[in-house]
Amino acid sequence: MPSRPSPRPPRQRCLAGSARLAAILALGAALVARAEPRVLVITPHVSSITEEFGEAFARWHARQFGEPARAEWRNVGGTADALRFVLSEFAAKPAGIGLDCFFGGGPEPYLLLADRGLLEPCRLPDAVLAGIPQNAHGVEIYDPEFRWYGAAISSFGILQNLRVQQTVGLPLARRWEDLAAPRLYGWVGVGDPRKSGTMNNMFEAFLQAYGWAGGWQRLTCIAGNTPKFDLLSSTTAKDVTLGQTAYGFAIDFYGFSQIAMAGRTNLTFVLPEDFAAMSADGLAILKGAPHRQTAERFLEFVLSEAGQKLWHLPRGHPEGPRRYSIERMSVRPDLYPRYRDVSNIAFSPFELSQSFRYDARLARERREVVAALAGALLVDTHAELRRAWRALIAAGAGPEQIARLGAMPLDEAEARALAAGAWQDAAVRNRKRLEWQTWAQAKYRQLERTAHAARAAETRPAAAPARVAAAGPRTAPAPPP
């Protein structure tokens with residue numbers, strides 16, 4: 001029978017166990033030492049932006065601090081989806097939600113998060129701040145208390161297909177209200193403002209620039225001119241490129257990216273002369289950020305010259321993005337003259353001369369009510385609206401009929417009061433949406449009937465002798481095709 005090895009004395013077993021534990025701890029310490037710093041970022045940005053910024057941040061961090069770092073991205077949908085997620089998480093975990101940064105979207109989410117105390121102030125180095133104005137034309141580029149920063153500038157305009165316009169005989173639109181013209185019926189692309197933050201901002205800009213009544217009147221005619229409402233604002237821009245529409249509501253970078261693909265002889269992006277809304281696309285550190293130091297460095301990188309060149313320079317430029325052209329406007333004014341002949345961005349938002357100032361706080365206050373009104377009166381009742389608008393066009397309707405088409409069930413003061421109070425009740429929201437839809441359907445159907453009757457009266461032959469008229473009323477002509 002083979003002999004068993006004699007067991008180790010207790011002291012040897014203890015020493016061996018301690019040695020193994022020390023080795024494990026040493027290995028763990030080495031792994032921790034080698035672990036890359038990271039920053040966890042929730043964002044609505046598309047993958048082309050996250051890939052370029054993630055890889056460039058790692059390279060920049062290695063140069064600046066002698067070690068790599070990585071950005072890990074969390075995407076739950078668009079800006080509205082990301083904001084709802086963050087607010088829901090903070091409701092359950094008020095000290096922190098395990099995320100470091102919120103990156104992307106207009107100013108409204110950042111104003112809301114700052115007001116609720118859910119952002120961590122972070123003053124960037126003076127060398128970085130020196131290249132960024134705190135505001136431009138009255139629009140804040142970053143928060144005076146350093147709770148959020150504009151990472152890029154967004155402006156809204158009209159993407160236009162020049163080839164389609166030449167072929168069909170349509171004009172170049174230079175003003176937003178040009179898109180309300182009857183001759184553009186079926187040629188204007190618009191997105192659903194309930195689904196797209198970009199479209200919601202553009203609708204709000206109409207209301208601020210033209211006033212509540214004037215803005216809704218123009219938006220209603222434009223909605224009548226669109227064949228459908230897109231769920232994504234990117235789809236609206238792509239439809240212009242494909243020639244499905246000749247004009248499209250577009251944020252600047254969608255316009256620039258489509259022009260980069262299709263060429264300047266085929267497409268153009270116009271900042272309308274009546275107003276051009278400009279706003280900052282934000283970046284901030286969230287309360288309780290678990291990787292605070294790396295988060296601060298991520299902010300510094302994005303706002304630095306190296307980060308801003310990723311927005312501004314074309315793909316393939318030595319200091320620009322490597323795989324994807326992003327085509328966004330930088331918050332650093334000095335980049336525009338330096339790269340005027342290199343960048344696809346043809347103008348500087350800092351050189352715009354206009355009096356319109358987009359009020360982001362007003363937009364935030366009534367955002368949900370405006371979206372619900374647009375949904376009930378323009379999107380969900382779109383079929384009835386288009387029929388009414390088509391009938392009015394055929395009947396040669398004047399300003400009075402068009403004003404009735406764009407009439408609203410409540411004025412601006414009532415809308416703001418509703419947004420600040422009763423709108424917080426889900427039952428009230430549901431009831432109002434149904435009331436507005438019913439009201440809009442009745443309005444459009446009545447206008448359609450009236451327009452058909454007016455056109456029928458115009459086309460009816462002169463009165464016949466009394467004996468013929470006594471035979472009974474004539475049948476009205478068919479509705480216009």
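1. The buried residues of helix α4 are covered by several parts of the chain, and what covers them includes the helices α3 (79-92), α7 (197-210) and α14 (360-379), together with the strands β3 (101-103), β4 (119-120) and β12 (278-286). Please keep in mind while reading that this is a predicted model.

2. How many of the residues of helix α4 (residues 107-115) are buried? The count is 8 of the 9, and therefore the helix is largely enclosed by the rest of the structure. The buried residues of α4 are P107, E108, P109, Y110, L111, L112, L113 and A114. After α4 comes G117, a residue whose phi is positive, near 70°.

3. Is Q258 buried or exposed? Q258 counts as buried because its relative accessibility is 7%, and buried means under 20%. Leaving aside residues up to four places away in sequence, Q258 touches L159, A237, K238, T241, G263 and L267.

4. Which residues line the second largest cavity? Its lining is formed by H312, Y336, Y339, R340, S343, I345, A346, F347 and S348. Sorted by class, this lining has 5 nonpolar, 3 polar and 1 charged residues.

How values were computed
Residues numbered from 1 in each chain as written. Predicted model: local features only at pLDDT ≥ 70, side-chain atom pairs only at ≥ 80, totals over all residues. Heavy atoms only, no water. 1 Å grid on protein atoms, 1.4 Å probe; cavity = no way out; pocket = protein on both sides within 12 Å on 5 of 7 lines; lining within 4 Å. Nonpolar A, V, L, I, M, F, W, Y, C, P; charged D, E, K, R; others polar. Buried < 20%, exposed > 50% of the residue type's maximum accessible area, 1.4 Å probe, protein only. Contact = heavy atoms within 4.5 Å. Helix = DSSP H or I, 4+ residues; strand = E, 2+ residues; numbered from the N terminus.
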